[in-house]
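Visitor: I would like a close look at a single part of this model, the site of the metal. Please go on from there to the helices.

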Amino acid sequence: MSVLTELATAVSSGRIEVLDLTAPLHHETPILALPEQFGQTQPFELHEISRYDDRGPAWYWNNITTGEHTGTHFDAPVHWVTGRDGQSVDQVPPPRLIGPAAVVDRSADAAADPDFVLEVEHLEQWQAEHGSLPEGGWLLYRTGWDARGDDPAAFANADESGPHTPGFSVECARWLAEETPLLGLGVETVGTDAGGAHSFEPPFPCHAELAGSGKYGLTSLRNLDRLPPTGAVVVAAPLPIVGGSGSPARVLALVERD
Ligand code: MN
């Protein structure tokens, strides 16, 4: 049997489970709010064109408005100034939309401290247990933050000093970008950087380092708790927005079950 026939059979029989890592997309889907002096992204909205009525008697359809970085989405290198000469989202080669997943679970740390940041030593511990981070794969960072995804205020977790959500240290972001063969990072939070990363030195290290090294980001992921530490395959499917900095994406994981 060919590999693809075997894959299709395994999916239909349930031996390979297809998990949806995507958050539902609607008006309340959490979006990033920047300080007021900056331009703002828009929430997702449906605008009804017709629904089996005099505007269109047999059909239902909508226009949509959304930011590129709304809900579960893909960050292309050109999103950040460090990647300004890099790929826009339509230029990502299709083979790089499929890759193995390494899942790092720090949900206990993030529950104890919402400003928890992943350090290089945490990933060295992970590699000692599970092997090297995969070539052409995603590091998926489990923090438990997806449980807040239906409550925009809890998801942002902001106070007068700004948002408090888990992320990566400056050193870890640099190490992931420069020293690993990964495609990129996937997180459960609104962006790859910690909520407090505006005051890191330098600020927003994940965005700066990943984009600068041609790597990608996936954000607002769900169901990472259902993935094994290794062995799952991620399919990340952003829209090919020409010249776009990112796109809402359907992100699936294939997981082999016994
Ligand atoms: Mn983004």
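Guide: A residue is called buried under 20% relative accessible area, exposed over 50% and partly exposed in between, using a 1.4 Å probe and protein chains only. The model is predicted, so local features need pLDDT of at least 70 and side-chain atom pairs pLDDT 80 or more, while totals for chains, interfaces and linings use all residues. Residues are numbered from 1 along each chain as its sequence is written, and side-chain values use heavy atoms, with hydrogens and water left out.

The manganese ion is coordinated by ND1 of His 69, NE2 of His 73 and OD of Asp 75, at 2.1 to 2.3 Å. Donors here are N, O and S atoms within 2.8 Å of the metal (3.2 Å for Na, K and Ca); water is not among the atoms, so sites may look incomplete. The donor residues follow the spacing H-x3-H-x1-D in sequence. His 73 is buried, at 3% relative accessible area, and Asp 75 is buried at 5%.

As for the helices, these are DSSP runs (H or I, at least four residues; strands are E, at least two), numbered from the N terminus. In helix 3 (residues 120–130), Val 120, His 122, Leu 123 and Trp 126 are buried. They span an arc of only 155° around the axis, and therefore lie on the same side of helix 3; the arc is taken from the directions from the helix axis to the C-beta atoms. Glu 121, Ala 128 and Glu 129 are exposed on the face turned away from that buried side. After helix 3 comes Gly 131, with a positive phi near 100°.
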